[in-house]
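Good morning, and thank you for coming.

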Amino acid sequence: MHDILRNIDIDTQKRKAWVFSLVLCAYVTLFMFNGSNSDTDISSITRTDPITLLIIQGFVSAILFIGVSLLFARFLLKLNPSDFFPKTSPGTLALIVPITLCFMVVNSAIGEWNMSLDFPDSSFETWAKRSEEQLKVLTEHITNFNSPLHFVIAFIVVAIIPGIGEELLFRGLVQNFFSKAFSNHHVAIWVTGFIFAAIHMQFYGVIPRTLLGVLFGYIYYWSANLSLAMIAHIVNNGLALTLLYLSQSGAINVTPDQMESSAPWPAILLFGSAGSFLLWKFYTKNNLSRE
């Protein structure tokens with residue numbers, strides 16, 4: 001990863017890491033609180049043109065994640081944002097897509113299991129189910145593609161902007177701050193992964209999304225190149241969106257329910273083994289390159 005506090009006095013780095021961590025966590029919590037307490041009628045939203053909704057969502061996400069992260073890095077940390085993106089070898093870059101694909105297959109089983117969990121009867125369960133249902137309705141509305149342009153806009157908003165912005169915030173800033181504050185990279189990666197999952201407000205998918213955040217965290221930690229985590233994030237979001245578009249256009253015969261279900265166990269074992277090997281190659285390639 002990066003020493004993002006290198007321009008701050010060394011005697012106060014750990015204290016300021018905690019301060020910055022708490023500030024960013026408060027920012028994320030406020031974002032979640034506003035989303036969870038929204039009284040907007042979902043039916044009124046779905047009457048709005050989906051492309052208009054996507055453009056609004058993309059604009060807001062770009063400001064809240066990309067804009068805030070870059071301003072934070074530039075003016076509070078006095079960093080050059082380009083420092084997060086060193087050159088990488090073609091061999092390392094080539095591993096990212098297959099690693100992500102293998103992980104998605106394995107994670108499908110965890111996702112199906114997480115969806116089947118029952119919480120004790122409580123106000124949290126009621127809220128979680130309501131939130132899940134509203135997000136499902138909204139997602140179906142904005143991804144009911146009526147033209148290739150609609151798909152392109154959705155790909156930018158759902159895959160590219162979150163892939164860049166969420167990695168800048170969570171891996172580029174939060175994970176680095178936690179790493180300095182906890183003095184432990186692994187704790188920082190897992191805590192950041194959980195926060196990354198929680199902000200999506202889908203608690204019946206929090207475990208697979210936490211693991212996804214952990215994958216992005218280790219890709220960044222091992223490579224010290226934030227662009228590789230961004231590519232993995234874009235591939236994860238973009239592939240699901242592309243399959244949905246191809247399904248709706250009739251190019252492939254896959255239903256949304258099939259895409260959300262677990263892969264067969266032989267496939268999970270095969271892709272799990274392949275993914276583990278590729279991750280090991282990625283780890284050794286990046287560690288050897290530093291020696």
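Predicted model: local features only at pLDDT ≥ 70, side-chain atom pairs only at ≥ 80, totals over all residues.

Residues are numbered from 1 along each chain as its sequence is written, and side-chain values use heavy atoms, with hydrogens and water left out.

Two packed helices are described by the angle between their axes and the distance between the axes. Axes here are lines fitted to C-alpha atoms, for helices over the stretch in contact, and angles run from 0 to 180 degrees between N-to-C directions. Helices are DSSP runs (H or I, at least four residues), numbered from the N terminus.

How do α3 and α6 pack? Their axes lie 9 Å apart at an angle of about 25 degrees. The two helices are therefore roughly parallel to each other, a term for angles under 35 degrees. The crossing is left-handed, that is, the near helix is turned anticlockwise from the far one by less than a right angle, whereas clockwise is right-handed. The contact of α3 with α6 has 20 nonpolar, six polar and one charged residues. In these classes, Ala, Val, Leu, Ile, Met, Phe, Trp, Tyr, Cys and Pro count as nonpolar, Asp, Glu, Lys and Arg as charged, and the others, Gly among them, as polar.

I turn to the second pair. Helix α7 (residues 185-198) and helix α8 (residues 206-223) have axes that come within 7 Å and cross at roughly 135 degrees. The crossing of α7 and α8 is right-handed.

A cavity is a set of points on a 1 Å grid over the protein atoms alone where a 1.4 Å probe fits but cannot get out; a pocket is an open set with protein on both sides within 12 Å along at least five of seven lines, and lining residues have an atom within 4 Å of a point. A volume is the space filled by probe spheres set on the points, which are joined across faces, edges and corners.

The structure holds one cavity of 30 Å³ or more. The largest cavity contains about 40 Å³ of space, and its lining includes Ser-69, Phe-84 and Leu-226. Both α3 (50-76) and α6 (148-182) give two or more residues to that lining.

The second largest pocket has a volume of about 270 Å³. Of its 17 lining residues, Phe-103, Val-106, Leu-215, Ser-276 and Leu-279 lie nearest its centre.

Technical notes. Parallel < 35°, antiparallel > 145°, perpendicular 65-115°, else oblique.
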